[in-house]
Amino acid sequence: MRYAGSPSWLMRIHCPLGLLIGLYARDAAGLRPATAVDVPRLEPAVELRADLAPLAVPAASEQWARWWEGELARQEGVEHGFFAPDARFGDGQELDALVRARLDDARRWSGERGHEEAEAHRDGSYPDEENGLVRAVEAEIGRKARPFELEVIELPVAGRFGRRLSEGLVLVSRALRADPEAYRDWLTPVLRDLA
């Protein structure tokens, strides 16, 4: 939330299409890349595609790990959330070929998640805890929160998952965000730190 004409705080909650497509490719190909920020498998689960097995070579897995780290770092940058489907995916031809082989399926799967989210907003079942959590932290510290910006990337991955990547960037699973008590327990220390 941000109030016009006054310094305030701002939280953006979203799920970049590029991250979903990359995670879809990882799961559909059965890649097991070693990354500093590992996230669980997508939920609902993505079918392992036998036709991707010849493309799921070690080079593709290494390229995916580099792409993932770069894409997460970029979420706070000037290209925040950008994904160009016509651009190469990653830094090598192995990963690019693997993603392109199932890009339509990845887009379809990602679109279904977007429709689910939109439906949850319409029927009122979508969580909207952030305003209340900031207000609770303000009451606890006895003052308005300092101006801050927090990027919350919500991913449809299995289980309750949360990870703070930097001062202004966190990854959370839909399951964590859908559990008000667990989400409050996880996010409140982050908000306290920022406020």
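Arg113 lies in helix α4, where helices (H or I, at least four residues) and strands (E, at least two) are DSSP runs numbered from the N terminus. Arg113 is buried, with a relative accessible area of 5%; buried means under 20% relative accessible area, exposed over 50%, and partly exposed in between (1.4 Å probe, protein chains only). Leaving aside neighbours within four places in sequence, Arg113 is in contact with Glu43, Pro44, Pro156 and Arg174, contact being heavy atoms within 4.5 Å.

The model is predicted, so local features need pLDDT of at least 70 and side-chain atom pairs count only at pLDDT 80 or more, while totals for chains, interfaces and linings use all residues. Residues are numbered from 1 along each chain as its sequence is written, and side-chain values use heavy atoms, with hydrogens and water left out.

The protein has 7 helices and 4 strands, and from the N terminus on the elements run β-α-α-α-α-α-β-β-β-α-α. Of the 195 residues, 44% are buried. Among contacts with a separation of 6 or more, 66% join residues 24 or more positions apart.

In soluble globular proteins, nonpolar side chains tend to be buried together. A nonpolar core is here a set of buried Ala, Val, Leu, Ile, Met, Phe, Trp, Tyr and Cys residues joined through side-chain atoms within 4.5 Å. The largest such core has 32 residues, of which Val39, Trp68, Leu155 and Leu171 touch the most other members. At least two residues of this core are supplied by each of α1 (17-29), α2 (58-74), α3 (93-101), α4 (103-123), β2 (149-155) and β4 (169-173). The largest share, 8 residues, comes from α1. Not counting residues up to four places away in sequence, Trp68 touches Leu19, Leu23, Thr35, Val37, Val39 and Leu155. A second, separate core of 18 residues includes Phe148, Val152, Leu187 and Leu191.

Helix α5 (residues 130-141) has 12 residues and should span 16 Å at 1.5 Å a residue; its end C-alpha atoms are 17 Å apart, which agrees. The expected span is 1.5 Å times one less than the number of residues. Glu130, Leu133, Val134, Val137 and Glu138 of α5 are buried. Seen down the helix axis, these buried residues fall within an arc of 140°, so they line one face of α5; the arc is that of the directions from the axis to the C-beta atoms. The cover over the buried residues of α5 includes β1 (10-14), α6 (174-177) and α7 (180-194). Gly142, whose phi is positive, near 75°, follows α5.

Arg164 is in strand β3 (residues 162-166) and is partly exposed, with a relative accessible area of 29%. Apart from neighbours within four places in sequence, Arg164 is in contact with Leu169, Val170, Trp186, Val190, Asp193 and Leu194. Arg164 and Trp186 are 22 residues apart in sequence and 9.9 Å apart in space, C-alpha to C-alpha.

A cavity is a set of points, on a 1 Å grid over the protein atoms alone, where a 1.4 Å probe fits but cannot get out; lining residues have an atom within 4 Å of a point. Grid points are joined across faces, edges and corners, and a volume is the space filled by probe spheres set on the points. The count comes to 1 cavity of 30 Å³ or more. About 40 Å³ of space lies in the largest cavity, whose lining includes Tyr24, Leu52, Arg102 and Ala106. The largest share of this lining, 4 residues, comes from α1.

Key. 1 Å grid on protein atoms, 1.4 Å probe; cavity = no way out; pocket = protein on both sides within 12 Å on 5 of 7 lines; lining within 4 Å.
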